[in-house]
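I opened the notebook to look up a few things in this structure. The entries follow in the order I made them.

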Amino acid sequence: MKSAKLLAATAFVAASGLNVSLASADELTLCWAAWDPANALVELSKEFETQSGHTMKFEFVPWPNFADRMLNELNSGGKLCDLLIGDSQWIGGGAENGHYVKLNEFFDKEGISMDDFAPATVYAYSTWPKGTPNYYALPAMGDANGWFYRKDWFAKPEIQEAFKAEHGRDLAPPKTQMELLQVAKFFQGREIDGQKRYGAAIFTERGSEGITMGATSAMYPFGFKYENTPGKYDMEGAVNSADAVAGLEFYKELYKTSTPPGYTDSYMEQSLDAFKSGQVAMAMNWFAFFPGLYADPDTGGDKIGFFVNPGQLKEASTLGGQGISVVAYSDKQDAALEYIKWFAQPSVQKKWWSLGGYSCHVSVLNDPNFADSAPFAADFLLAMDGVMDFWQEPAYAELLLAMQKRLHDYVVADKGTAQEALDKLIEDWTEVFEDEGKL
């Protein structure tokens, strides 16, 4: 017996001329991390179910377990996921190991142009080898590491007066990394509304990717690079340059002088908690969380402000975000491709942004009203103009574990110098690339 939902969907499809028969209606499983944008995607996807006749299921995994869970699924050839919104760093492995379906032929057939998506997101989320017109994902969720602050504290007259007396300038969201440190130190240990507050919540977590994502937010603006020549793996003098060392030393000073006590293993959740509980004046986190932060009844609204990651020698932000791929082991690839086609439509992308997702489609981003559509929209555009990403190599997990260890040992555990940490990191990475046959 046909369900009422299926009958309604079939009637709609017949009327719309999409010519999807009952026999071709599938149940698709989309895999992603468990966070606010995933909830927005569930709501958005109801439109796809209505139009296509397919049913959507979702497998959302908490961020601390997301990479292990999904990479194990891919490496084992598992059939759990028909569609996967995977991290940008996975694109190399997804392509070279045959986990993701190459989408070029499909894009050509359906008239989907990568020119319709922001270039930085196409480069980071879709291409392998990097920068070539070989596409293994559609840009799905633009993201970068940004900042938010207690706007209400910044505006207090006594706070303004004290800051100006100490630093000779008005207290405002920082424009440089050095201003960020100055403001964070100013708030460290300061009593506001009868409570002791701290300067900033930053990323220090060692187990997955936290301290790398946090520290590079300082190191990129100071001049850190992975290679002198893109694609050449010539790391000496880039990874461990004087500017890169200065950036890492800066991040350690920020950690040592301006963070809450015991903040030794913090990432996304801890940053959000520190801000929402009123511990800190400023916090770093992904733009993906900003809609929820602004809506928070206690620390959102008029109490919160946002700013792009401050520059130093250059403007740069640590890239987050993901592309959506069709999993090569799926038995329902045709239906999964239907979802990609539907999701790529400008009207769907516009709704995606309105629900709390971060569209990468230029029709959304270039809309004259976009910058005013949310308190953080203009900063998001600035961030995406200067994003930098970690290695996207198939061996990215080994590369990441090495950086996590070297950074955490130096910043949090007080082992050695920044120069030693980065020199040793080059040794670690050289070994990985030699094993890969790339050096």
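**Salt bridges**

I looked up Glu 73 and found it buried, with a relative accessible area of 12%. Buried here means under 20% relative accessible area, exposed over 50%, and partly exposed in between, with a 1.4 Å probe and protein chains only. I note that this is a predicted model, where local features need pLDDT of at least 70, side-chain atom pairs count only at pLDDT 80 or more, and totals for chains, interfaces and linings use all residues. Residues are numbered from 1 along each chain as its sequence is written, and side-chain values use heavy atoms, with hydrogens and water left out.

I then checked the partner of Glu 73: Arg 69 forms a salt bridge with it, the closest N and O atoms being 3.3 Å apart. A salt bridge is a side-chain nitrogen of Lys or Arg within 4 Å of a carboxyl oxygen of Asp or Glu. Arg 69 is partly exposed, at 33% relative accessible area. Helices (H or I, at least four residues) and strands (E, at least two) are DSSP runs, numbered from the N terminus.

I looked next at Lys 185 and Glu 253, whose side chains meet in a salt bridge of 2.7 Å, N to O. Lys 185 lies in helix H9 (residues 177-187) and Glu 253 in helix H11 (residues 242-258), so the pair ties together parts that are 68 residues apart in sequence. Lys 185 is partly exposed at 37%, and Glu 253 is partly exposed at 33%.

I also noted a network of salt bridges that links Arg 206, Lys 405 and Asp 409. The count of salt bridges comes to 16.

**A sheet**

I traced an open sheet of four strands in the order E8-E9-E5-E10, with mixed pairing. Strands E8 (198-201) and E10 (304-307) stand at the edges with a single partner strand each, so one side of each has no neighbour in the sheet. Two strands pair if DSSP finds at least two bridges between them. E8 and strand E9 (residues 280-286) pair in the parallel sense over three bridges. I found Ala 283 in E9 as the bridge partner of Ala 201.

**The whole chain**

I counted 19 helices and 13 strands in the chain. Of its 439 residues, 55% count as buried. The C-alpha atoms fill a box of roughly 75 × 55 × 35 Å, taken along the principal axes.
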